[in-house]
Amino acid sequence: MLLRLSSRGARRNVKRHSLVNIIAGAAVLIAAIFVVYTVISNSIAIKEQTAEYEALAKQTAEVKEQNAQINGYLNGVNLDEYIENIARDKFDFANPDERIYYVVPGN
C-alpha cells in the first residue's frame with residue numbers, strides 16, 4: 001500500500017530538506033573557516049613567541065658571560081685590570097701614551 005502525498009505536501013518536505021541541507025552546509029563551512037583561522041593565528045603566535053624566546057636566550061647568554069667575567073675579576077682580586085677594561089670598553093679612555101683609532105666605513 002503506497003501513500004501518495006499531494007503535491008503541496010511533497011513540495012513542503014523537499015523545501016524543508018533543502019533548507020536543512022543549506023543550514024547544515026553553512027554550519028560546516030563556518031566551522032571549517034574557524035578551524036583554519038585558529039590554526040593560522042596560532043602558528044603566527046608561535047613564530048612570534050619563538051623569536052622572542054631566542055632573543056631572550058641570547059640576552060641571557062650575554063649576561064651570564066658578563067657575570068662570569070666579573071666573577072673572574074673578583075675572584076682574581078685584580079680590580080685595577082677590571083676598572084681599566086671598563087674605562088677602555090665603555091668610556092673609550094686610553095692611557096696618555098696610547099692613541100685610539102676609529103675605523104669609519106667608506107661610502
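Q: Which helix gives the most to the lining of the largest pocket, and with how many residues?
A: The general idea is that rolling a probe the size of a water molecule over the atoms shows where empty space is left. In this structure, which is a predicted model, helix H2 gives the most to the lining of the largest pocket, contributing five residues. Helix H1 (7-76) and helix H2 (79-91) each supply at least two residues of that lining, and the space in the pocket comes to about 230 Å³.

Q: Which residues line the largest pocket, and how does the lining divide by class?
A: The lining consists of Gln 66, Gln 69, Ile 70, Tyr 73, Tyr 82, Asn 85, Ile 86, Asp 89 and Lys 90. Sorted by class, four of the lining residues are nonpolar, three are polar and two are charged.

Q: How many helices and strands does the protein have, and what share of its residues is buried?
A: The secondary structure amounts to two helices and zero strands. Of the 107 residues in the protein, 2% are buried, where buried means under 20% relative accessible area. The accessible surface is about 10,500 Å², and carbon and sulfur atoms account for 61% of that surface.

Q: How many salt bridges does the structure hold, and how are Arg 88 and Glu 84 placed in helix H2?
A: The structure holds two salt bridges. For one of them the general idea is that an α-helix has 3.6 residues a turn, so residues three or four places apart point the same way. Here the side chains of Arg 88 and Glu 84 meet in a salt bridge at 3.1 Å, N to O, and, because they are four residues apart in helix H2, about one helical turn separates them. Arg 88 counts as partly exposed at 28% relative accessibility, and Glu 84 is likewise partly exposed, with a relative accessible area of 38%.

Q: Which parts of the chain does the pair of Arg 88 and Glu 98 link?
A: The side chains of Arg 88 and Glu 98 meet in a salt bridge at 2.8 Å, N to O. This pair links distant parts of the chain, with Arg 88 in helix H2 and Glu 98 in the segment after H2, ten residues apart. Glu 98 counts as partly exposed at 32% relative accessibility.

Methods:
Residues numbered from 1 in each chain as written. Predicted model: local features only at pLDDT ≥ 70, side-chain atom pairs only at ≥ 80, totals over all residues. Heavy atoms only, no water. 1 Å grid on protein atoms, 1.4 Å probe; cavity = no way out; pocket = protein on both sides within 12 Å on 5 of 7 lines; lining within 4 Å. Points joined across faces, edges and corners; volume = space filled by probe spheres on them. Nonpolar A, V, L, I, M, F, W, Y, C, P; charged D, E, K, R; others polar. Buried < 20%, exposed > 50% of the residue type's maximum accessible area, 1.4 Å probe, protein only. Areas by Shrake-Rupley, 256 points an atom, 1.4 Å probe, with all protein chains shown as cover. Salt bridge = Lys/Arg side-chain N within 4 Å of Asp/Glu carboxyl O.
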